[in-house]
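Subject: Structure for handover

Hello,

Please find below the structure I am passing on to you. My notes follow it.

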Amino acid sequence: MADARRKLDIVGEPALVGSPRIHDSALKHVAGEAVYIDDVAAPEGLLHAYLGTAAIACGRLLSLDLSEVAAAPGVVAVLTAADIPGANDISSTHRHDEPVFATDRILFHGQPLFAVVAGTREQARRAATLAKAEYAEEPALIDIAAAHAAGGALVTAPLTLRRGDVAAAMAASPRRLKGAMTIGGQEHFYLEGQIALATPGEDEDMQVLVSTQHPSEVQHMVAAVLGVGSHAVTVEVRRMGGGFGGKETQANLFACVAALCARRLKRPVKLRPDRDDDMVLTGKRHDFVVDYEIGFDDEGRIHAVDAVYAARCGWNADLSGPVTDRALFHMDNCYFYPAVHARSEPLFTNTCSNTAFRGFGGPQGMVGAERLIEEVAFATGLDPVEVRKRNLYGGVGRDLTPYHQTVEDNIAAEVITELARRCDYQARKAAIRQANAKSPIIKRGIALTPVKFGISFTATWFNQAGALVHVYTDGTVSLNHGGTEMGQGLYIKVAQVVAQAFGIGLDQVKITATTTGKVPNTSATAASSGSDLNGMAALDACETIKTRLTEFAAKHWQERPEEVAFLPGRVKVGAREIGFRDLVAAAYLARVQLSATGFYATPKIHWDRQAGRGHPFYYFAYGAAAAEVAIDTLTGEYKVERVDILHDCGQSLNPAIDKGQIEGGFVQGMGWLTTEELAWDAKGRLSTHAPSTYKIPVASDRPRIFNVHLLENAPNREPTIHRSKAVGEPPLMLAISVLHALSDAVASVGNHRICPRLDAPATPERVLDAVDRVRAEANL
Amino acid sequence: MPLSARHSDVATSGSLRSTLRFLLGDELIEIARCDPTLTVLDWLRLEKRMTGTKEGCAEGDCGACTVLVGRLDRGELRYEAINACIRFLPTLDGCQLLTVEHLKDEAGDLHPVQRAMVECHGSQCGFCTPGFVMSLVALRLNEAAPSVARLEDALAGNLCRCTGYEPIIAAGRRMGEIAPRDADRLLRDREVVAGRLAALSDAETLALDGERGRFYAPATVEALAVLVADHPQATLVAGATDVGLWVTKQMKRLDTVIHPGRIEALRVITDAGDHLRFGAMASHVDVREALAPLSPQLDEMMRRFGGEQVRNAGTIGGNIANGSPIGDLPPALIALGATLVLARNGRAGLERRSIPLESFFLDYRKQDRRPGEFVEAVMVPKLAPEMPFHVSKVSKRFDEDISAVCGAFRLTLAGDGLIAEARLAYGGLAGIPKRAKAAEAALTGQVFDEAAVSAAIATLSQDFTPLDDMRASAAYRLKVAGNLLRRFLIETRAPGTGTRVAGLLAEAAHG
């Protein structure tokens, strides 16, 4: 951006909030001038660290000979657990189950054993391969089936949700069926890999630049590992090259190791794993196996649901507790289950520790819900959309979730109906059925699925945020808050809120890097909460300053405070209009404080996990998508032909940014459910550790026709920041429509009589298998 | 390198030049010492401190490191997008390197492609953005008004995890409207740059020393033959789209590298009437253009070959000599009846031998290449009217993915309509690209119909024990291998039937 001083006299832009402003870094992004941590000019004396890792997935480390590592060219130091001055523990849930470096037990292939520091990254990376480790290898538990077979050890306490008498309701249901669904995991594939750069200061000070969504947690972890107070550690992040949940806890390791090495050597140290190592080391979206039983009737109404959501959590708890909780919180999607029992199984496995990923278990919960709908639709012969509508929340006694929160803002029916009308669902469906009859090889399918996603951290205390706003005497503003920028446009949204609050131009607001030194004790930028929380906190700070300025202006110009108003480009003081800059300059001379902190805590929410009851979500975000696909019944290949989306952003803070979140979230969700397949070999080694084998969508995978609309005239019923709604995660789940459109196409080979039970990811191989199975079961 | 070694080089491979020369934007870069495998990306980021070009994967799959290389092609300046992360710096000899830092004009204003990306909200986290910008610039320089399908092709080698691509494609459509293409500074400067590159080109062999090895880039086939004979341990590196990963992923050190990229004769593709002759260094982009008239299916297969950056860098000779079990070109070329020309230095100049392509592949990563030999050319017979032909690539992701199965089939029908010869070649089903001998036998002498195809499919398990890995299971591979024969039959006998969901062949059916 241009130097703000060049444009200081710019008038405030009217209606900044709600306007489609470009991303604040867009001009720098396209010029290659946006600075990521690896682009930061190297501090004098910079060294590079690399991690040495375990070559087995389960067993004991008998010996570790690092002499060759230490003797390798350029190597300055080799550090193990013994070199940690504080705690050898970075478990984010304080369960002490995640050492920085393994000392005895090896729990997954790729577990860090030591760090080597050298003059160049290449030297460190080469040296790291020279360790001689001896192991007593034990059989590894790789997947959910193996974990079950070994007794089903859990990494954290499971959750049970219960409402009504399920056994009785199931027994009384006219029809019942049982099934199981496998839902795959997902690699984040942020384009900028994990990276940290630690610079030691005087005393015990440590400054860490790190690509993280959670600077405060990194601060706490670094402090604990170094054995110093949090006040000695400053963590800063200007921007990430993508996060998606993969940098909520997963950056801790890299930050702590860089800081540990920097402390030991009293020199700056950078740690950036190679992409393949990043994929091996870091956790991913949890894969699940859902076992379900449904009671329903011939009209397609669900009477009872009993489900177990088993998840592969990996070698430690990390965020698996809240992730599997959120899966259960979304096992209803938009549907009312008169009687319900659901249980999570956060299973221990000898694989990387699965973690947050956009949706945080919600998508898996919802995929399970839509499978139930599909089962009922095939069992009754009803159109799945009809089954969806018949089971929506709404009506007397039909508004209570399995966690006993009343759904108060339900607009699912309107969204579904409106989208079906706009995309001509019924007519297209009929046309597709006709066309399929004449197309022996290529079969089309269509599906329309809704989304209802709960907004708030289910850990209630995380729903708080702080901000720091400085107004300088020239009328420019420095903005800081606890939210991090990972591409989602949080910074520009909050800047819009601040600029509008003061009636100044965006160019007068300087967005500054998130740092624990300015705003403390922040929550992760996660759970879609970024603009809800930080927008409100920043507005709170602005209002504090405005109150002071108003009092000053009233006194100075002898007007009543009610006669002072901050308008676009000017401040009205009685009949007088003055520039914001002039007001600020005058206020400074009168010794008015022009800096303020802001704070926000989400109201209304509470949650009793033991009881499985509460009001964990402030509100719900809604949306619906209709997808049309074509599949090849000879190879299982497919193409997403058309997608129509209607999504609820409340009163959007920035419709361009929100549209970007919807389109991007959809395609990311589509990747998860289609071509993104993780594989581990029998030894527990991740086979898909590079983009050559792990296939995220490319440009040609996006829908051939892609109509995305924000729901109009739909302000949030709750008083959120300018009545907007969170948009980071909910659109990802719109992609469930693609899975069901594929399923619809597969079902056509059995005249839509056999439920395809298509598991995820629906790779071409799975689609072809489903085609062959449906054909066989239909005896066609 | 001891002095005596230099003398022997001079005696056998012509005169030597020890300084690497290329243009970085307008700046002439001369480098006297450099490791043979130093990547362009590391040189830019670590030595030049030009950090606009990003490292996303260090294996040529994500495109965050996309830069443009301008080179002289028969006297004309040609710009190609390539992956800087797996391109070795010395291979830029005689070329121009352009990065995202070279795009703004003298006044500091954004290039039209950059402006289009901003206007269309084409960046979110911004990390992949410089790579997308460079791929779009390359497309703009080479083609006027590209279609959406062409945009998708040109961007298949660029991964974005944030936007879902919609705004980036929109930017690609918008870039032409923002400023006319002819006014582009990079096109305006073409003649000047071509002149400067012409002044850099010479007939000498580049012999560049580094701490850990030596890089040779001869200018003639004869000099190449001498170098290959003199350095039996050397690694012959063409586009480095695979060898680059040996360095960035396996951290292999290559002491001696011989790069034939400067030899224009090896890039030549000639139409010899009944067959095409491809010089070993013909890039996949050029190979595609030459093969496309033979069959739209070949065109489509080559379109899906890696990403655009890989198609620009990779070569037909490299793809064959590398001997991957899943390379896409060998099955197609084997089905077409291609022969390989291998050359080496002999007493009276070059000695050549020609072999059927399939006999080159002996076993997994083991080829019939004799001491001193290198792949010089590939001869590909054209299809006659009585030769139904088919090639299908099946992969987990449709574009920019490696085949699970690649099947290529050519039948020769006799006057009586019976199959006189069947050539069925598969990739992904064995350790090498391989013909399905039993299935060929089952088809030969038969009418090409459902019964014959079913009989052929039934034999596939005799010919192959397919790979079973993260790309696909063995069972799926075998099933698809058979179904591709069905697809061939349907496309031949009932050409109106829809058989493709995506790509050029589906677009053609869409009309």
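How many salt bridges are there between domain 2 of chain B and domain 3 of chain B? The count is two. In one salt bridge, the side chains of B:Glu308 and B:Arg150 meet at 3.1 Å, N to O. Please keep in mind that this is a predicted model.

Confidence in chain A

The pLDDT of chain A averages 97, and 98% of its residues score at least 70. Residues 1-10 of chain A have a pLDDT below 50, and in the model this stretch makes 13 contacts beyond near neighbours in sequence.

Domains of chain B

Chain B is assigned domain 1 (3-101 + 191-262), domain 2 (112-183) and domain 3 (268-493). For domain 2 and domain 3 of chain B, the C-alpha centres are 33 Å apart. Domain 2 of chain B brings eight residues into contact with nine residues of domain 3 of chain B. About 620 Å² is buried between domain 2 of chain B and domain 3 of chain B, with 34% from carbon and sulfur atoms. On the side of domain 2 of chain B, B:Asp153, B:Ala156 and B:Gly157 supply 62% of the area buried against domain 3 of chain B, more than any other three residues.

Six residue pairs are in polar contact across the interface of domain 2 of chain B and domain 3 of chain B, both residues at pLDDT 80 or more. With three residues, α5(B) gives the most to the side of domain 2 of chain B that touches domain 3 of chain B. By class, that side of domain 2 of chain B has three nonpolar, three polar and two charged residues.

Domains of chain A

Chain A is split into domain 1 (2-34 + 464-601) and domain 2 (406-459 + 617-780). Their centres, taken over C-alpha atoms, are separated by 38 Å. In the contact, domain 1 of chain A takes part with 28 residues and domain 2 of chain A with 25 residues. The two domains of chain A bury about 1800 Å² between them, 61% of it on carbon and sulfur atoms. A:Lys493, A:Ser528 and A:Asp532 supply 33% of the area that domain 1 of chain A buries against domain 2 of chain A.

One salt bridge is found across the interface of domain 1 of chain A and domain 2 of chain A. A:Lys493 also has its side chain in a salt bridge with that of A:Asp658 (2.7 Å, N to O). Both α14 (490-502) and α15 (530-556) of chain A supply at least two residues of the side of domain 1 of chain A that touches domain 2 of chain A. The most comes from α15(A), with six residues.

Chain B against chain A

Between the chains, 80 residues of chain B and 87 residues of chain A are in the contact. The buried area is about 6600 Å², with carbon and sulfur atoms giving 55%. In chain B, the residues that lose the most area to chain A are B:Arg161, B:Lys396 and B:Val501, together 14% of what that side buries.

There are 17 salt bridges between chain B and chain A. The side chains of A:Arg702 and B:Glu166 form a salt bridge at 2.9 Å, N to O. Several elements of chain B each supply at least two residues of the side that touches chain A, among them α3 (112-119), α6 (166-178) and β18 (389-394). The largest share of this side, eight residues, comes from α18(B).

Regards

Methods: Residues are numbered from 1 along each chain as its sequence is written. Chains are lettered from A and ligands numbered from 1 in the order in which they are written. Side-chain values use heavy atoms; hydrogens and water are left out. Contact means heavy atoms within 4.5 Å. Buried area is the accessible area (1.4 Å probe) that two parts lose on being put together, summed over both. A salt bridge is a side-chain nitrogen of Lys or Arg within 4 Å of a carboxyl oxygen of Asp or Glu. Helices (H or I, at least four residues) and strands (E, at least two) are DSSP runs, numbered from the N terminus. pLDDT is the predictor's confidence in each residue, from 0 to 100. Domain bounds come from an automatic or database domain assignment. A polar contact is a pair of N or O atoms within 3.5 Å; within protein, one must be able to donate a hydrogen and the other to accept it, and residues adjacent in sequence count only if both atoms are side-chain atoms. Ala, Val, Leu, Ile, Met, Phe, Trp, Tyr, Cys and Pro count as nonpolar, Asp, Glu, Lys and Arg as charged, and the others, Gly among them, as polar.
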